[in-house]
Amino acid sequence: MIPDSAVFLYLFVNDSFMVNFSVIIIGAGAAGLLAARDLSLAGFSVLLLEAAEAPGGRIRTLQGRGFSGVVEAGAEFVHGPLPVTLRLLKEGGISWRPIKGKMVGVHQGKWGQQNMFAGQWDELMQKMEQLGKDMPIADFLAREFPGEKYTALRDSVQRFAEGYDLADMRTASTRALYEEWQEEGQEEYRIDGGYSRLIHFLADQCRIHGCQILTASPAKEIRWRQGRVEVLTAGGQLFTGDRLIVTVSLGILQMDPQASAVSPALPAALQFFPPIPDYIRAARQLGYGSVIKILMEFHEPFWKEKGKGVSFILSDEEIPTWWLQSPDKSDLLTGWLTGSALKKFQRLGDDARIELCLQSLASIFTRDIDFLKEQLKAVYIADWPSAPFVQGGYSFDTVEGGQAREILRTPIQQTLFFAGEALYEGTSPATVEAAFTSGKEVAEKIIAQSGPKAPSHIDPAMP
């Protein structure tokens, strides 16, 4: 249904009508939804194209599948009192609750007696603060913390950087990691009923204000000139507009069209005509990590004794990172797998994957694996690198990241805009807040640029 409040221009092409939108947005994740909501509220006619079957991007709240309640297969935490996210939750009448508990390390089955950020981590943070010229974190550790004395520290930093930040130690910015880790320790929250409540709220807001949302419509080709864009979907649909906002995941933006063309497992890469090589090159200079998230519910919380007061566990097991629902009373454990171990895990069959997860938990909590098998009630494995329109997890900052983001944050002839968590500048990188903020900023740029206006002419032929 086309809303009366929006301004459209119709042109009959091949016995059908074409609708020209003020703004077309590719990607209905957090960035795309907030940009669409703000622009449609400001009076722009907006089309939001989403490749997947439903909005949300890397936010995926599940219900059923054998679980007792809702579980988060994607984004789960609100990392601190984040202004955009909390304001949206208030607007939607959605409650949230704090997380409590410390992060501990478990090495060869032995649990750390204190928070893992004590001891040599203080020395690490001091050296990171004093760093002059930025460098990859692997090079920084080799230079500043060599030898056997710091073996445990180097291992701990690697587990945390790879497990929490999805960072590649060879390229991740030491300075960016320092700035992020400085914020550690602030209170975090979970959303009651799951993150998808916020997605549903924003999608409803978009539709109320006249935005059209089309799912299962992956964009394939973009033809553009100043003040004019055409978007062709993989299904052959053609849409036209005055401006375009690209909010696809970094994994899609970094794709090689030739590689995607020969691999049936990959979606078609997004292609621009005329090409925008500087922007694609900048996207490939940003870091993009991969993660598999494992949800396991048991009949009873067998970890209750050892896990008292603990929220996150970083271990040296095959599935190294786990967290509890602290302080909630819950029978759910969540696993987190990144780095080289992820690829090994992907090669396993379903039963072997579950066996490896249970073996890791058996070692961490000193429990018999047969007992854990009996206690296992439900399991779901979210393989985000294999998700067709995601191809990974979230971004991390590289040494070249600042310059690359500056390029991507600059509109092309006030016609092509880019947004997403990878383009965020602030103290909450790689978060839903980062995506919301980026989408909001791009919407504000477009609103300030000219305000809503009806296009005066449609030219079906692009040069």
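Reply: Buried means under 20% relative accessible area, exposed means over 50%, and partly exposed lies in between (1.4 Å probe, protein chains only). This is a predicted model, in which local features need pLDDT of at least 70 and side-chain atom pairs count only at pLDDT 80 or more, while totals for chains, interfaces and linings use all residues. Residues are numbered from 1 along each chain as its sequence is written, and side-chain values use heavy atoms, with hydrogens and water left out.

Me: Why is aspartate 204 called partly exposed?

Reply: The relative accessible area of aspartate 204 is 42%. Partly exposed is therefore the term for aspartate 204, since the class lies between the limits for buried and exposed. Arginine 207, at 44%, is partly exposed as well.

Me: What makes the contact of arginine 207 with aspartate 204 a salt bridge?

Reply: A salt bridge requires a side-chain nitrogen of Lys or Arg within 4 Å of a carboxyl oxygen of Asp or Glu. The closest N and O atoms of arginine 207 and aspartate 204 are 3.9 Å apart, so the pair meets the definition. Both residues lie in helix α7 (residues 196–208), three residues apart, about one turn of the helix; helices are DSSP runs of H or I with at least four residues, strands are runs of E with at least two, and both are numbered from the N terminus.

Me: What makes the buried residues of α10 lie on the same side?

Reply: In α10 (residues 277–285), Tyr279, Ile280, Ala282 and Ala283 are buried. They cover an arc of only 160° around the axis, which puts them on the same side of α10; the arc is that of the directions from the helix axis to the C-beta atoms.

Me: How confident is the predictor in the protein?

Reply: On the pLDDT scale, the predictor's confidence in each residue from 0 to 100, the mean is 90, and 90% of the residues reach 70 or more. Over residues 1–16, however, pLDDT stays under 50.

Technical notes: Contact means heavy atoms within 4.5 Å.
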